[in-house]
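Reader: I have the sequence and the model open side by side. Could you walk me through them, starting with a helix?

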Amino acid sequence: MAQAMAAASELVTPLKRPFGSDGLGDGNISSSSINGSVALGADDEKPKARRREADPAAALAAARHEFGEHGGVNMSIEASATFTVMEPDTMRRLFAGELGPDRGDMYIYSRHFNPTVLALGRQMAALEGTEAAYCTASGMSAISAVLMQLVGAGGHVVASRCLYGGTHALLSRFLPRASGLRATFVDADDEAAVRAAVVPGETRVVYVETMSNPTLAVADIPMLARVAHEAGAKLVVDNTFTPVVVSPARLGADVVVHSVSKFISGGADIIAGAICGPASLVNEMMDLQEGALMLLGPTMNAKVAFELSERLPHLPLRMQEHSRRALAFASRMQRLGLRVLYPGLPDHPHHARLAAAANPGYGSGGMLCVDMGTEDRANRLMHHLQNTTQFGLMAVSLGYYETLMSCSGSSTSSEIPPEDRARAGISPGLVRMSVGYNGTLEQRWAQFERALALMQPPLPSPTAAAAAATALLHHKAAADRDVPDAGNSNHRKH
């Protein structure tokens, strides 16, 4: 079992499918080539390696297409928790690693491997340009499993001080208590600080986000990879904010993790995660005796894997539109005098870095921040944006087709102590927006402008104020002259 893994997109096994004479198959339909993984057996001919595509959309298109059991254009869902064998000795050979998904297309139990989940893993490996990928039940389970596998008890991690609040709590509270892990949080943009934080012989992982949550600082992945590798450590990068936009593994990252619940899912209806990296790591994490994935069991449901596999092909198109609208909104907000954080703006400190690292054609991502200064002003703006003009929704998470917004300091970054939030640049009034693509751009912009206008209602002009004051004086004078009659129930009321 330790050898079974999601295959890389660079190796495309010829499918026995009815493609005629195009060289991709002989026209025969076999259950092994259609149901789940088409894996090489010991006597099978090795497939020819294809060049790994640099563009994520091209890589996804080049990945092997899984067909349904009866020839359907969509793959079948293998919903079974357990799998049967024909002979008693087969089960022994499965547990011994002599047979498995890549050796006979055989499975034991879906916590080990599942054909539908493995197919999604192949897509994720293609997307991120890694050798292998394993899909999990949530983004936090992916992050936790990777850290537990790579760092171990008492190990040391150097991490960016600006991270998703749950990851910060995992590194600063939970794992230190559970396993003795030690974490040092630094300004990941400061190479000297990162180097100074490394503990020779003890630092196992350097951990960052491609685009920090929520401040949208862009990590210098080549520099961090160099520092990590010189120390004998692995660089782990959370690419949740920028799938397709940036490919961290192509820039030097050893492992890429995702909360698939976000942009990759796109529907705000699924919780899922992914680990993309070397086959050796995936195999270690699935080891029957010491694998974090195998023994902790953050298993993705096969039905969820099928849903996600249907959404991945149009992820590049969605990211292009998220990015296009985010840039348009950020530019217009800035012209209105708002303090906007968006790496696509030329005055962002990491604009050039992102432009150099990004995959061409996908923009700068769908996340932007508006700093309203105080939490009260941030809350008032969000109230009007949702409840008055219907610009978006007050909700955590991101990647939805509607715009989602939250005040980070009191929500997704609230696990971080206030002094650490201040050092990370998370102000009390920072509004994080995941820009959606529903409705037209001009429709949504008009809604934003109306909500912003309600934040600062215009003061009455001097003439209007004087007229109002005069009317009030006349009104009071008339009231003073009007002495109510105790017996008259229809006297004027003020």
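Reader: Which glycine follows H4, and what is its phi?

Author: Happy to start there, with two ground rules first. The model is predicted, so local features need pLDDT of at least 70 and side-chain atom pairs count only at pLDDT 80 or more, while totals for chains, interfaces and linings use all residues. Residues are numbered from 1 along each chain as its sequence is written, and side-chain values use heavy atoms, with hydrogens and water left out. Helices (H or I, at least four residues) and strands (E, at least two) are DSSP runs numbered from the N terminus, and the residue after H4 has a positive phi: it is glycine 129, near 70°.

Reader: How many residues of H4 are buried?

Author: Buried means under 20% relative accessible area, exposed over 50% and partly exposed in between, with a 1.4 Å probe and protein chains only. H4 is largely enclosed by the rest of the structure, because the count of its buried residues is 14 of the 14.

Reader: Which strands does H4 lie across, and at what angle to E1?

Author: Contact means heavy atoms within 4.5 Å. Axes are lines fitted to C-alpha atoms, for helices over the stretch in contact, and angles run from 0 to 180 degrees between N-to-C directions. H4 lies across E1, strand E6 (255-259) and strand E7 (273-277), and its angle to E1 is about 125°.

Reader: What is the strand order of the open sheet, and which strands stand at its edges?

Author: Two strands pair if DSSP finds at least two bridges between them. The open sheet has seven strands with mixed pairing, in the order E1-E7-E6-E5-E4-E2-E3. One side of each edge strand is left without a neighbour in the sheet, because each has a single partner; these are strand E1 (132-136) and strand E3 (182-186).

Reader: How many bridges join E4 to E5, and what stands opposite valine 206?

Author: Strand E4 (residues 203-209) and strand E5 (residues 234-238) run parallel, joined by five bridges. Six of the seven residues of E4 are buried, so E4 is largely enclosed by the rest of the structure.

Reader: What kind of aromatic pair do phenylalanine 83 and tyrosine 107 form?

Author: Rings of Phe, Tyr and Trp (its six-membered ring) pair if their centres lie within 6.5 Å; planes under 30 degrees apart count as stacked, over 60 as edge-to-face and the rest as tilted. By this rule there are seven aromatic pairs. In this one the centres are 5.5 Å apart with 35° between the planes, so by the definition the pair is tilted.

Reader: How many residues apart in sequence are the parts tied together by phenylalanine 329 and tryptophan 445?

Author: These two rings are stacked, at 6.1 Å centre to centre and 20° between the planes. Phenylalanine 329 is buried at 1% relative accessible area, and tryptophan 445 is buried at 7%. Phenylalanine 329 lies in helix H13 (residues 315-335) and tryptophan 445 in helix H17 (residues 441-455), so the parts they tie together are 116 residues apart.
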